[in-house]
Amino acid sequence: MLDWKANYEAFKKKHPSQPSESPSASEGSSGRESKPRQLVASLEDNLQSFQNQMSNVTDLVVRRLKIMGKRSSALLFLTSLTDQRLIQEGIVAPLQAPFVSPEQMKDEDLLDRVDLFNLVCQERVHANLGQRSSEWSVLMDLLMKGQTLLLIDGYGEGVSFDTRKVEKRGIEQPQTEQVIRGSRDGFIEQLETNLSLIRYRLQTADLVIETGELGARTKSKTAVCYIDGIANPELVSEVMRRLSIIDIDGIIDAGYIEQFIEDQPISPFPQIQNTERADKTVASLLEGRVAILVDGSSFALIVPALFDQFFQTIDDYSERFLIASLLRFVRLIALLFSVFFPSLYVSVISYNPELMPTDFAVAIAGGRAGVPFPAMLEVLIMEASMEILREATIRLPQMIGGALSIVGVLVIGQAAVSAGLSSPITVVIVALTTIGSFATPAYNAAIAMRMLRFPLIIMAGLFGLYGVVLGSLFIINHMLYLDSFGVPFLQSILAKKRAGFMDTLIRAPLWWMGKRPSYLHTLDDTRRAEGTFYANVDKIYYQEDNADAENTEN
Amino acid sequence: MQKTQKISTTQLAIVISSTIFGPYVLSFPQIIAKAADNAAPLMTIAGTCCAIFSMFVFTRISQRFSDKTLFSYSQIVIGRLPALVANLLVFACFFITSAMMFRQFGEVLSTVVFRRTPIEISILMILILVALSCRRDTVKFTYVHLFYWPFVILPFLFVIMMSMKAVHFLNWLPPFGNETPHWLPALLSPASLYLGSFIITILLPITEKPARAMKAALFGIVVSASLYLLLVLSTIGIYGVRETLQLLYPTLEMARSIAIGGDVIERMDALFIIMWVINVYTTMFSTYFLTSLSLSHLLQFKDHRLVTTLLIPFMFGVSLLPQDQYQLYKFSRIADGSGYLFLTGYALLLWIVAVVRRKGVRPHG
Amino acid sequence: MDKKPWTRWALGLQSLVLAFILTGCWDQVEIENRALVLGLAIDEASPSAAKLEPTVTHQKNEPLPKKMLRVTAQIAVPGRVPLGPSSGGMGSGGDGESPVWVVQVYGHSLDEALNNLQQQIADPRYLIHLRVIVISKGIAQDGLDELNDYLRRNPEVRRRTWLLVSDTEAAKFMKVAPPLERVPTLYLQAMVEKSIMMGKFPPNYIGEFWIEESNWGQDGYLPYVAIEGEENILIKGLAYFSGGRLAGTSTAVDIGAFMAVKGYNPGGFTALIPVPDLGYVMIKITERHAETDMQIVDGKPHVNLKIHVEGMLDEHYDSGRTISSETDIDAIEEAFEHAATNLVQKFCTQTQRHHSDIFGFGEYVRAFYPDFWKRNIHKKSDWEQMYADILISVHLNISIRRTGLKAK
């Protein structure tokens, strides 16, 4: 916790451009840490205190040994978090080894004269050095993180070695964001691995990774990534400010952080993007956004997130731009389908049957003749059962999930029609709606949209098309009034220059999108070399070699 | 992080055009045909010219005080008390016209779509929606307009384009009309359509380049005016003046007449009314915003949010005052016409006094 | 964040309560609960029919117009028309049940009759899918003011409804059930609309008819239909109006003449003409172009019609000669021009005799000679009087471009 505050203040000092309001929050939290206790010189006393304090930590191992057969010392580590082999071979073995040179052997006082810790660290131990401290709390924290503590008799200090080893799963293809064309590696739970995935793609010194801890008890390691020289410092400092005021006992997942730093908590729409994909994170960083990663969560948070981002996938950018634009259009249609179709159906059936062709209207009236409910109720029931089905298939064991979902859709739909609970058209509408809602790449945005159709159906049942339009006005207004880290949620469509269109409704060719999004106010807003655009436009009209020739002349 | 954002010239133009392209689109062709006979298109242009003049005055006076709204600078120009009285009148003007607009909206819905729903409900629903959306600052206000602008413009363009093939050019002739136009209503009714252009006086302080506001204002008016003109041209062209006079909402009838997809989908009027709701919403949003801003300035509130809520019952009450359709139309025509004259006169007065007393800065360009 | 969260809560609660109190689904009527009136037939009834009328909208002995209407309505019955493509042998009403229900009521006016109708059926009746209204000749002769007024006021009625004038009892049209469509009224509608597509009838919906009737320099016309045999419907010609009343009817071939004058496309009529030396020839018209030139000569409007049609040879028989040269074509063209000019001229004279300017020549006068118009025309009937006396000259020519696959 202290860390983020320190980070935030340090960052503000580095970028003094913005008005520096005095951060008043820095005091107060130190009161939580009760009086920093120091180690004492006696090893036995120290060990006794450790064992007293950690009596219920069952996997704590205290290994006593004599350094070079002379000075008694102790290693403390947690078996569950440490690399046992490294401890044995890298720490214990060298420590126990006798002196190499005979003169050292003779020199009885040597161990008293030199700083034993320095000697041990520099000459003996193979493991990476951690930290040297005499403070109880610090050492305890290190121990709990999987480091090995070395205490030596006669020193009121301890040193730690990095022996942390946590079981982790391999890097797999991200489950939530499948792509056709794109990399297959996704984030996993370990922060270090995730950061390495990012660094590996972004091998520049400008990539800044600020780390700190969040959660009073979990002390989850949190990293804020941005690219120095691209990301707007004000944005970065705002992210840090919001992180620094989080005060909670534990961060289990990135979703916890998301809820504390988003702009408008009571809104169905996600205002922060999350992704499992490293390439997507890197692309966002390059646009000038900021990514937040937390240990223990395989999702990175990306801020600011605008509405259109939830409808873009990473392979939009790898595919041909015409096709990608078309796909985006398809997604937009699917979105509109999933939100408006049921409510439009209800209002046409109950309020405006004149909109249908006459013979079709007569036929629909026939199809509905046996249905006991009004259209609104009928659609609501069907939609609700569809949602139940969807929710159930997520929880079902994978073996039977696939089979059951097909059975569910086919059988329930068919049975509902033949039982006279719903008309065949309703089943078609509900199926279209559900399918449509799965075309949205981002799960959280898709589910927001899916849930919003329920109020719309009710509005349609109460006021027909007028109700639908009022409801949609309400929703759209809400979206217009939303902000994500100071950027209006729909900014990309409302951008002052219509440049915003190039990466929203369509996906322009990469050589066309020469600027970073203007709403991010990036420090360096050009992405490609001067003249790329014209060179590529020329390519359309001239053969490649001709275009080249002309360019060299210029 | 939160900086006061500014709007660009184009955005200003869009706000103006979406504000003035308002609920009157449904009945305007009938009103102008009644006043001007076959000369309706010409009189529409003439009325637009009047409106452009008022717009010119609004913009010029606001440009002299490019960092203040009308409510602040009027006090500087003509003194505290007169400004208070005048701003009270501005408030009254927008209060009454928007209340009448709400009522007209309700009338259309009750006549065409909701024949059994009480008109109070239709009015109250949009009123609450408008009032709730007014609770934000001016920048968000422009966002709303920006977003809905295509939905305001496109349905009308679509209907006009679809029905263009039914136009008989004979109906446009003779261009000066078979009857002598009634000059005053023929000029005032199109001019008062552009009442909402007054919005520029509160938008100018958040415009990036106030010096170029004139261009934006002109552009905004021209876009909407050409749509109005197209509407008049197509309704007169399709129905002829005689038939237009018999139609309460000629534009709606136009939507009723078209069929698309090989005559399979007809009765576009229900959909058209729905798109028109958006159109009404943006206009009412502007007038309600103006009303609540002016009232909060009168009461010297810092925040106009309380006022927007307080206004709801009064707005609702006044909108229910007219007893029947004819009274309503008579009343709102008087309100609009006199509102237009007053606003233009007021702005003109402010401008002249400001020039004479050398208040504010001379806009360059 | 709001400083006072409770105001926000109060507002939310208030709107929630309002929503529950105010919502009532007033206008919600499910489609299957609506009695969709698909077609109406209006006949005149004898004044004695007043006895048959239930007293729904007025007292028994109120002084009301003597005129009585008999309205026959065709109402769709949900469930009889299957959803989706009908399978196999199931045609319209495959199990012998008609998909529509025909109800007959009496009333003083259309609205009254419909109110009486409502009294007799359970579901609320809706005119939103009213596609065809058939009126008998007698109703048309009495004038359509009352009918038009109701239909114009009612927002449920489409402007693209068809108003047809029948030569016999209109109610019969509601009962015929031709096998081509599932719903009988839709056959009637399809019949007229497809003839528009084939160029056999101008697109004259009720909305257009209203426009024509409103214009001072024009009169309205309607399709004139008849029933042939048991179930066949025939477009017999035009029923043209003058002063809002039926003034006369024309033959079917006159529709062709009318469409030629107005230049409606596509051309669809085929003319059988005798050509000297060549026997009989059928000419199919494919395109029509017309130009109306209006002039005031000696204080009287003078119409110059220039009509150009494109045609093709459809059939040729009853002669020893084959058509094989340009001169033959010229001869056919000349014969056609002569016959067609005659036809147009005759039709114009007929309408002039009945004071019915269905061509809208008056509109040309109004548009191009506003001064003359203002001097002479002060109401609609002024032009109808003047129309009888104007000069109409017709210049018609035809180009026959091709003669089909047969070489000789």
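## Chain contacts, domains and a helix pair

User: How many residues of chain B are in contact with chain C, and how many of chain C with chain B?

Analyst: Happy to start there. This is a predicted model, in which local features need pLDDT of at least 70, side-chain atom pairs count only at pLDDT 80 or more, and totals for chains, interfaces and linings use all residues. Residues are numbered from 1 along each chain as its sequence is written, with chains lettered from A and ligands numbered from 1 in the order in which they are written. With contact taken as C-beta atoms, placed from the backbone, within 7 Å, the counts are 24 residues of chain B and 23 residues of chain C.

User: Which element gives the most to the side of chain B that touches chain C?

Analyst: Elements here are DSSP runs numbered from the N terminus: helices are H or I with at least four residues, strands E with at least two. Those giving two or more residues to this side are α5 (80-113), α6 (119-133), α10 (213-246) and α11 (250-257) of chain B. With five residues, the top contributor is α10(B).

User: How do the residues on that side of chain B divide into nonpolar, polar and charged?

Analyst: Ala, Val, Leu, Ile, Met, Phe, Trp, Tyr, Cys and Pro count as nonpolar, Asp, Glu, Lys and Arg as charged, and the others, Gly among them, as polar. On the side of chain B that touches chain C, the division is nine nonpolar, six polar and nine charged.

User: Which element gives the largest share of the side of domain 1 of chain C that touches domain 2?

Analyst: An automatic or database domain assignment supplies the bounds, and chain C is divided into domain 1 (31-51 + 65-79 + 98-249) and domain 2 (253-402). Their contact takes 19 residues from domain 1 and 28 residues from domain 2. On the domain 1 side, β8 (232-242) and β9 (245-249) of chain C each give two or more residues. The largest share, five residues, comes from β8(C).

User: How are α15(A) and α18(A) oriented to each other, roughly parallel or roughly antiparallel?

Analyst: The axes, lines fitted to C-alpha atoms over the stretch in contact, have angles running from 0 to 180 degrees between N-to-C directions. For helix α15 (residues 375-395) and helix α18 (residues 443-481) of chain A, the axes come within 9 Å and cross at roughly 165°. Angles under 35 degrees count as roughly parallel, over 145 as roughly antiparallel, 65 to 115 as roughly perpendicular and the rest as oblique. The two helices are therefore roughly antiparallel.

Key: Two residues are in contact if their C-beta atoms, placed from the backbone, lie within 7 Å.
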